[in-house]
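Please find below a short note on the model under review.

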Amino acid sequence: MKLIASSKPDAVQALDYGHRPLTEQLSRLNIRQIELDCYVDTEGGRFAHPLGPKKAAELGLPPVPSNDPEGKLQKPGIKVLHIPDVDYFSSVLTLLDGLKEVRAWSLAHPRHVPIFILIELKTETIGPGFTQALPWDETQLAELESEILSVFPRPEILTPDDVRGSASSLPAALRDHGWPTLDSARGKVLFGMDNEGVERETYLRGHPALEGRILFVSVPPENPAAAWMKRNDPIQDFDQIQKLLRDGFLVRTRADEPTGQARNNDTRMRDHALASGAQFVSTDYAEPNPKLSPYCVQLPRGGAARINPVSGPPALKDVDLDGP
């Protein structure tokens, strides 16, 4: 952090947040949506020796403890970190470890509402001389699905095929019969791809309505693969979010980004997000950071899941829908 502050002080503020381990997020904070930043590492070791600590040592700064005492980064497989070389500490170093932790919690709480796992396929590289990230091609996307299925058996995942049924497209299925019932989806997970660029288009190639795929993708509502989508500005997109809900789509929005709302105790974005009816509200502050302000994001009456405030029956407004 001191090294980054010497050249990019604004970046320090943007990176100055953290999260509890996944099990604590699920149990202690009632979180039912997590995000995992994933990098390709086909040979192993690509992220095992971050450059940041070396640069810090050259400036005489204190040594940085190892983030990988067990050597997990040396092995091939998808890795979980935010930004190579400078923001790489994670409670789970690999996608497999993260998924195994979520599944262990899920098996111990079989009546939970579906847990949404948002996957961001990262290719971020700071610049020359730093760790170079690899692209996500068809082979790597197949590896992503393979790792998911090695942890979660197919019946434990709510997939696009489950929603589409015999319909020709996902929007047609939503018009015809909607999403599966909550009781039929309890204890399951569903996956979404955060990317909307080349990675998404590669994933859709040959699967225009996500036939046989594991992850949902965010596309325009008229796209045959449309079922879930991102609308990350709940203030600007408030009316659009509510229209998407009326059309049967699931929506993810954000309550804050990156740390500005928490630093200023600015609740406008949060309040719009919770009032919009978006089913998934992302935040980096499920609990307050006392160094910044009282700002945090929780359901108005607590709990893990509530009836939708826009489309749900008012009689259930005080009920926590998450199972024991």
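The points below treat the helix, then the pocket, then the cavity.

1. The model is predicted: local features need pLDDT of at least 70, side-chain atom pairs count only at pLDDT 80 or more, and totals for chains, interfaces and linings use all residues. Numbering runs from 1 along each chain as its sequence is written, and side-chain values use heavy atoms, without hydrogens or water.

2. Helix H4 spans residues 51–58, and its buried residues are Leu51, Gly52 and Ala56 (buried: under 20% relative accessible area, 1.4 Å probe, protein chains only; helices: DSSP runs of H or I, at least four residues, numbered from the N terminus). They lie on the same side of H4, because they cover an arc of only 135° around the axis, taken from the directions from the helix axis to the C-beta atoms.

3. Helix H1 (2–7) is included in what covers the buried residues of H4. Just after H4, Gly60 has a positive phi of about 80°.

4. The second largest pocket has a volume of about 370 Å³. Its lining comprises 16 residues, of which Ile4, Lys8, Val86, Ile126 and Phe130 are the closest to the centre. H1, helix H2 (9–15) and H4 are the elements that each give two or more residues to this lining.

5. One cavity of 30 Å³ or more is present. The largest cavity holds about 70 Å³ of space, and among the residues that line it are Phe47, Asn67, Asp85 and Tyr88.

Notes: Buried < 20%, exposed > 50% of the residue type's maximum accessible area, 1.4 Å probe, protein only. Contact = heavy atoms within 4.5 Å. 1 Å grid on protein atoms, 1.4 Å probe; cavity = no way out; pocket = protein on both sides within 12 Å on 5 of 7 lines; lining within 4 Å. Points joined across faces, edges and corners; volume = space filled by probe spheres on them.
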